[in-house]
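Me: I'd like to learn how to read a sheet and the helices around it. Could we go through one together?

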Amino acid sequence: MNAIVSRRALLQVSAGAGGALLLGFPLGAAGADRFAPNAFIRLAPDGMVTLVMPQQEMGQGIHTAHSQILAEEFDIAWDRIALEQAPPDDLLYGGPRKRQGTGGSSSIRSGFVPVLRQAGADARALVVAAAAKGWGVDPASCRTQAGVVVHDATGRRATYGSLAATAATLPPPATPAPLKSPADFRLIGTSAKRLDSPAKLTGAATYGIDVRIPGAGVATLAMAPVIGGKVKTADAAAARAVPGVRQVVLLDDLVAVVGDHMWAAMKGVEALAVTWDDGDNAALDSAAIWTKLRADSNGAGVAAHSKGDAGKALASGGRIEADYELPFLAHAPMEPLNATVHVEPDRCTIWMGTQVQTRARAAAAAVLGLPPEKIILNNHMLGGAFGRRLDIDMVTNAVRIAQRVAEAGGGPVKIVWTREEDMRHDMYRPAYRNVMAATLEGGRVNGWSHRVAAGSVQARMSGQPPKDGLDRGNVEGATELLYDIPHQEVRYVRSEPVAVNVGYWRGVGPNNSIYAVECFIDELAARAGADPVAFRLAMLGNEPRAAAVLRLAADKAGWGQAPGARRGRGVAVQKAFGSYMAAVAEVSVAPDGSVKVDRITSAVDAGLVINPDTLVAQVEGGLLYGLTAVLHGDITVARGRVVESNFHEYLPLRIDAVPAIDVHIVAGPHDPGGIGEPGTTAVTPAVVNAIAAATGVRLRRLPVDPRLLKA
């Protein structure tokens with residue numbers, strides 16, 4: 001295969017309606033000669049450039065960042081780019097992983113940057129070639145300037161839009177067009193205005209919950225409060241008597257009432273007066289869950305990582321041990337779960353916000369027995385997700401209800417979970433128990449053991465046990481220790497909680513592992529009589545980027561200065577999601593044990609930064625989301641039921657509790673790292689270590705319990 005054939009296999013140039021230029025390019029692995037172009041740039045005659053976006057906007061700013069990358073290399077003005085959401089299609093829009101989804105801080109990394117840059121450069125080469133052809137000049141004698149091709153020798157100028165039709169007739173560049181030098185970037189690395197802000201500020205943005213289909217009913221539901229439970233009785237006649245109620249849907253494990261509006265549906269559910277058969281899990285409570293997890297954590301588990309001879313190192317000298325526990329957590333997005341569904345005999349249309357378009361479509365298809373291509377999924381902005389909308393249980397249940405509505409002759413129906421139903425039927429961040437052991441030699445850690453016990457999210461979502469028993473997501477952050485420790489072992493113990501579904505949560509595995517690692521390192525520093533920062537730096541010789549962010553955060557935080565009585569600073573450093581980050585938390589602890597986080601200073605090296613303002617916002621959001629969990633997050637179970645139901649008892653951080661936050665960016669040439677989750681993973685150990693510095697009390701179970709911190 002020669003180079004020209006190869007390039008033509010990877011790029012497609014064609015004409016769109018009205019003389020537009022369509023450029024298809026590969027989001028997947030380059031070089032696959034069977035690859036079909038799968039993402040599209042559309043240059044319209046008016047000069048507007050549309051990028052079909054495979055990633056979902058849920059507040060993280062990805063629409064803006066991807067557009068900056070494309071606009072930089074295409075050399076178009078910032079106000080001439082528009083976005084169009086891609087339909088569900090793993091092959092076409094799944095990116096390098098061939099799975100269309102948004103999560104895991106992967107929307108910038110995972111290969112999108114070089115692909116989008118090259119697509120922009122190739123598009124620019126096409127319009128230059130079109131201009132040069134028309135002018136009869138060498139393309140090399142032309143340059144571009146914000147959407148205009150310029151030929152300085154003759155003074156000719158042509159807008160991209162005027163060249164679109166001609167460019168659409170040209171073959172794709174035979175070789176990859178040259179990329180800009182980073183020194184010439186004018187958009188990448190700048191805080192370009194977010195493309196999604198105007199619509200959000202004016203209320204024009206459409207989230208799933210905003211969707212209004214003429215004539216559609218509105219439904220809400222009550223699900224069996226205990227996993228495995230069933231509907232025993234429900235007074236459908238009482239519900240139907242409520243003004244505005246159209247229909248009552250009774251399924252084996254849930255009830256739903258369809259009304260003219262949400263109020264009628266809610267009152268209808270209340271009138272149902274459902275009684276439940278709770279099944280085998282009716283007596284389950286948190287104490288039993290923790291007893292099982294603690295017992296399971298004593299098992300050997302399976303090896304996840306080893307280096308040197310940890311067994312021998314841990315058998316010699318003084319062995320130091322500690323256990324760290326984290327509770328179940330809900331996602332609690334501000335926009336409750338919802339989906340609008342219209343089931344018809346041969347197809348189904350869905351309007352919602354999901355992180356996994358193709359999984360959602362497949363779930364609907366499975367319920368209805370239709371092929372996936374008969375499911376039309378309209379994906380909208382997400383009012384918070386944090387991993388909750390990686391799951392598809394809301395799609396399954398919404399389609400089940402809509403199917404009954406269709407059977408009764410109804411049309412589309414909008415299903416909205418109340419906050420209480422949403423929170424009590426979440427896919428919770430697993431409860432974790434970390435069993436740690438280490439030995440010190442010459443003031444440094446010599447032997448290290450970390451055993452992670454938790455339920456497997458991977459197994460719950462896939463329905464298959466992890467390969468070789470190892471859920472790698474649960475040990476992420478534990479198996480990639482930054483520290484130069486000669487002898488290490490990391491093991492995973494699968495411990496499935498009874499009647500609690502577990503799911504991915506912001507920070508995924510590192511939100512547990514880094515908490516345990518960084519708190520234990522702090523305890524070891526204290527045992528060695530060393531300063532926590534100096535102790536870490538002594539073991540970071542092989543990780544200069546980690547050492548650099550640690551030094552910067554410590555310096556900016558005023559590390560080493562006495563913070564005052566019952567005030568303390570705590571530090572954590574990490575590599576997670578491809579980015580390096582250090583955080584220093586400063587806390588004050590009142591005599592009654594209440595904790596106030598006064599300040600968080602962070603330093604971040606995420607490699608090439610696309611939009612500094614977005615990076616800072618992501619770090620700030622992650623820190624605050626994690627801080628909420630540190631101080632308040634705890635999902636408990638009694639009589640088989642999740643106790644917490646709404647924000648009055650599952651507290652989000654209040655505005656008066658938000659600390660001052662400094663984010664310092666370390667610019668670097670490295671490939672971009674993810675940034676949506678590192679703040680969440682770093683804040684937990686930093687705060688816990690700060691509390692220990694302020695009070696001398698080491699908290700090994702979260703959330704913070706003020707009773708343990710009283711003066």
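Predicted model: local features only at pLDDT ≥ 70, side-chain atom pairs only at ≥ 80, totals over all residues.

Me: Which residue is the bridge partner of Ala583 in β25?

Reply: Residues are numbered from 1 along each chain as its sequence is written, and side-chain values use heavy atoms, without hydrogens and water. Strands (E, at least two residues) and helices (H or I, at least four) are DSSP runs numbered from the N terminus. The partner of Ala583 is Ser602. Strands β24 (residues 579-589) and β25 (residues 595-605) run antiparallel, joined by 10 bridges.

Me: What is the order of the four strands in the open sheet?

Reply: Two strands pair if DSSP finds at least two bridges between them. Here the order is β23-β24-β25-β28, with mixed pairing. At the edges, β23 (567-576) and β28 (660-665) each pair on one side only.

Me: Which strands does helix α19 lie across?

Reply: Angles run from 0 to 180 degrees between N-to-C directions, using axes fitted to C-alpha atoms, for helices over the stretch in contact (heavy atoms within 4.5 Å). Helix α19 (residues 612-631) lies across β24, β25 and β28, at about 135° to β28. Helix α20 (residues 678-695) lies across β23, β24 and β25, at about 150° to β23.

Me: Is Glu586 buried or exposed?

Reply: Buried means under 20% relative accessible area, exposed over 50%, and partly exposed in between (1.4 Å probe, protein chains only). Glu586, in strand β24, is buried because its relative accessible area is 12%. Leaving aside neighbours within four places in sequence, its contacts include Arg567, Lys596 and Asp598.
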